[in-house]
There are 2 protein chains.
Amino acid sequence: MAAPSGSTCRLMERSVRDRAPPLLTDMYQFTMAYAYWRAGRHQEPAVFELFFRDNPFGGGFSLFAGLHDCQLFLRSFSFSEEDVEFLRSVLPPATDPAFFQYLRDLDCSGVTLCSVPEGTVVFARVPLMEVSGPLAVVQLLETSLLCLVNYASLVCSNAARFRLAAGPEKRLLEMGLRRAQGPDGGLTASRYTYIGGFDLTSNVQAGFLFGIPVAGTMAHSYVTSFTSLEEVWPQTLAAVNGDSDSVDVLSLTKGWLNRVCELLGSDPGKIREGECAAFLSYAIAYPHNFLPVIDSYSVGCSGLLNFCAVALTLFELGYRPLGVRLDSGDLCRQSVDVRRVFRLCSEHFSVPLFDSLLIVGTNNISEQSMAELNKKENEINVVGVGTHLVTCTKQPSLGCVYKLVEARGRPRMKISEDPEKSTVPGRKAVYRLVDAEGHPFLDLQCLEAESPPEAGLPLQCYPLGRDDSAVSVTPAQVACLRLEVFSKGQVTQPLCSAAETRAKVQVSLQTLHPRHKKLQEPDSYTVALSERLHNLVAEIHRGSSSDSSFLLAN
Amino acid sequence: MAAPSGSTCRLMERSVRDRAPPLLTDMYQFTMAYAYWRAGRHQEPAVFELFFRDNPFGGGFSLFAGLHDCQLFLRSFSFSEEDVEFLRSVLPPATDPAFFQYLRDLDCSGVTLCSVPEGTVVFARVPLMEVSGPLAVVQLLETSLLCLVNYASLVCSNAARFRLAAGPEKRLLEMGLRRAQGPDGGLTASRYTYIGGFDLTSNVQAGFLFGIPVAGTMAHSYVTSFTSLEEVWPQTLAAVNGDSDSVDVLSLTKGWLNRVCELLGSDPGKIREGECAAFLSYAIAYPHNFLPVIDSYSVGCSGLLNFCAVALTLFELGYRPLGVRLDSGDLCRQSVDVRRVFRLCSEHFSVPLFDSLLIVGTNNISEQSMAELNKKENEINVVGVGTHLVTCTKQPSLGCVYKLVEARGRPRMKISEDPEKSTVPGRKAVYRLVDAEGHPFLDLQCLEAESPPEAGLPLQCYPLGRDDSAVSVTPAQVACLRLEVFSKGQVTQPLCSAAETRAKVQVSLQTLHPRHKKLQEPDSYTVALSERLHNLVAEIHRGSSSDSSFLLAN
């Protein structure tokens, strides 16, 4: 698929600026920026890293997403006069007025972003982004970059897990907009669940902005808004072949309804007239796209019978209805019952296509119920997922952090009393080591100055999160994990469309060994430091590095 | 506080249009709209209700929020030419072109919205909004109204629970932007957590758009970016009284540091020089607003000592530092230790204000840890809350639904096989009955045509969710719960500022009986139907109403 057109790109850039204006950040970014400026340190070179400490959902991996928006955010980063005036009103009155002139002129022309490509499988404690540039500017970017990456990566990873739970066959529809955390939560969810492996969205704006296929037919309200067959208008439909004049579909449907009831031994007295009217009316509007929701009253006593009658009418006129939606109850059992009726109709009325009609299931699907559904006998072709997918109920936030690792060319480290919260100092190169079967098996962090590991050669490294001992590994292939994607005010790698990034996700997930993809108790993937980086950490911990010297008070 | 100015209102209206454009909705709204239009039913009068089925977080109440945005959304609702062209591309090719002309001319001039006022305490199964107007239009509004109400009400209710857990004394700071579900999730959280009872936000854009007080000082990166006292520049500060020239604060601080170490018996050799430099540099930039984060290395061995020295320097020059932030570990215990040191310094150095310095605590606070913190001995004055507040980890979505209750003047009802999913038909009036102590005790839904209940007179009603028996109640006061807030294309009630709505929340929560406000196992509030409404439901269930007649197939 082609990259987004110029006009789409501009639209998305405007959309990012509207969604993530430069004031949408934490106040302390500005108070720190002023303190740096006041101390004359604002132009000092600094390097920050963005990473998360634990894979989400108790899983073995995450997907990295949100980069596209970060690139557009950096490109358009600047403060309006109105922004600056607001900042003047909330910073202390004694703030030097020259600082506000500095803010007026600020942009990201001095910032370089190296990043893992969007849509890559990633792991906890690997620095995904490296943001370098003038200290005050790269500090100011923290909250925005975190905000753009955290939820995008979270919901994309969640979608990938739903896809793994569902298996490759079923088509997956995202339909969570109404339950999302704000309108943009919904839009972001539609975009990144598609990237993570969903096929369709109900969200029209996501189709408009990102080219995601949209789908949707009817709600229960449509069904319950009809009372009687008198409301059906027009009551005629032309046959596909066009030979005949318009046909009275009301009579035709009534006839089919009797035959369907006879075939199934159903009681015609329990069939809802309003539902029949709703289906027929919808079929007349969409003879090529008929897919009603059939559980507004009772699937077995009414909805399925009405569907079959209207669908048989459409078939008789040469149309091909799409199928049905089930929105409550035990979806697996119902889908089996519905398919059985489809097969009966197919055989009895000699309509071969009737048994391959789609069955769409939507009923508060979670990752767990998706996995269960995949194990049980069922005839569902499309699954719609809303709340649990978009709000990530299992873990509604990803904890990406943004940490200073170098200032003025010297490594910096936060040494916390909580060892989990300590950081790995210094500017790094990150390599992904791949085994002979083509599976990545270790992500290696080195100091930037080190020469890269070589394929076929053994190397010593220190896995994170274990005891302090070294391991020796020999990669069959070595890939550099990050690329420069923004520099000198320009996006330096082509921006990918949602469909392109979705394809990358598929490839990245396919190469990952199944043991890391297990939804429950996956094998953990190894992330390690090079010997030199490991030594630097040890030095700083011993306090022998100049990074965090002790004050020998006079 | 005054209502937002005209320019702020326009800004917010633009912001709502950007955040919730009319295409940000489910595709099936358009497919249904076309089917209605095709059947000539699009102008038929229809009434939808918006409500939720369970109070969030297992609680006894919810707060209703998002109305303000809904009103602005309705006022600006219209499709651009670009929107219509996109819809043409996703609807079936056979769609009648005249439908797109209909969409071009569409607006909400025919829509009336009656709603509970924003910031009101509300309960499950009470219709909070009634949206009436042309069938196709009010159907099209569904997803947008749900999206604007669901998360706003959820996060506002979550904030109210955090406030109840914290008690009335502590100041509460929302700081969740980086972990929010998308940029707008963060902005919406800042706005509605303030409305729900928080005092401050870290989110600058929320200050800019909604007038919420913003706060923030420094991150660990600021501290770790400093290495030595040589980086402090300037190294002087003028005293407040202005009598003296600029004072060498570096020497002054070193002197205080020695005295503090002596007083506390601390080892000066363990004090981090970079941290001291960071604090001093910050104090020089913000002598009136000094509040550093003191746990970048070790609170007891370094951070607290550095703070005391710099703070004493500021006091000596006539400034009044603000306090400290603790961002890790056991906040209660640490705050007690810190306060003890503050008291010692206060007494020993005769600085009375030293013992009333603020202690800000921030460390992944949940509702439960807030409640525990409130029970344990602690000296925390301000609590910052992020992830658990904004993403509502305990329940990340509210399940508001939007159901058709009347079409063409006749009641409509969805009769589900799941009785919980059945709806209450007909256009209603909703009254809140108040007891002699001023506590609301029952919300009563009546048919619109019924005369309202009268204070002091007993009435029969049927509580929802119990068996089918009637109860007799006598209200001391009766309030009409909903107001017309939008009609004929105009907002008909003044739009409230965030501060005004926040005040309403306080009043509404204060009148609620404590038994409904318990965070765990609250008493459930009674929601009931009038006798006539109860009878209508029974009639429709028996199938004797014309609403959902059975089709007696010929």
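These notebook entries record what I looked up in the structure.

**Entry 1: ground rules.** I am working with a predicted model, in which local features need pLDDT of at least 70 and side-chain atom pairs count only at pLDDT 80 or more, while totals for chains, interfaces and linings use all residues. Residues are numbered from 1 along each chain as its sequence is written, chains are lettered from A and ligands numbered from 1 in the order in which they are written, and side-chain values use heavy atoms, with hydrogens and water left out.

**Entry 2: how the copies are related.** I recalled that two copies of a chain are related by a rotation about an axis and a shift along it. I found that chain A is superposed on chain B by a rotation of 180 degrees with 0.0 Å of shift along the axis, at an RMSD of 0.0 Å. This is the relation of a two-fold axis.

**Entry 3: the interface.** I looked up contacts, meaning heavy atoms within 4.5 Å. By that rule, 126 residues of chain A touch 127 residues of chain B. Of the interface residues of chain A, 100% are also interface residues in chain B, so the copies meet through the same surface. I noted a buried area of about 10600 Å² between the chains, with 58% given by carbon and sulfur atoms. Buried area is the accessible area (1.4 Å probe) that two parts lose on being put together, summed over both.

**Entry 4: charged pairs between the chains.** I took a salt bridge as a side-chain nitrogen of Lys or Arg within 4 Å of a carboxyl oxygen of Asp or Glu. Six salt bridges cross the interface of chain A and chain B. I looked at the one between Arg408(A) and Glu231(B), with 2.3 Å from N to O. On the side of chain A that touches chain B, helix H2 (residues 27-38) gives the largest share, 10 residues. Helices here are DSSP runs (H or I, at least four residues), and strands are runs of E of at least two, both numbered from the N terminus.

**Entry 5: a link within chain A.** In one of them, Glu49(A) pairs with Lys428(A), with the closest N and O atoms 2.8 Å apart. Glu49(A) lies in strand S1 (residues 45-51) and Lys428(A) in strand S15 (residues 428-434), 379 residues apart, and the pair thus links distant parts of the chain.

Methods. Copies are superposed by least squares on the C-alpha atoms of residues with pLDDT of at least 70 in both.
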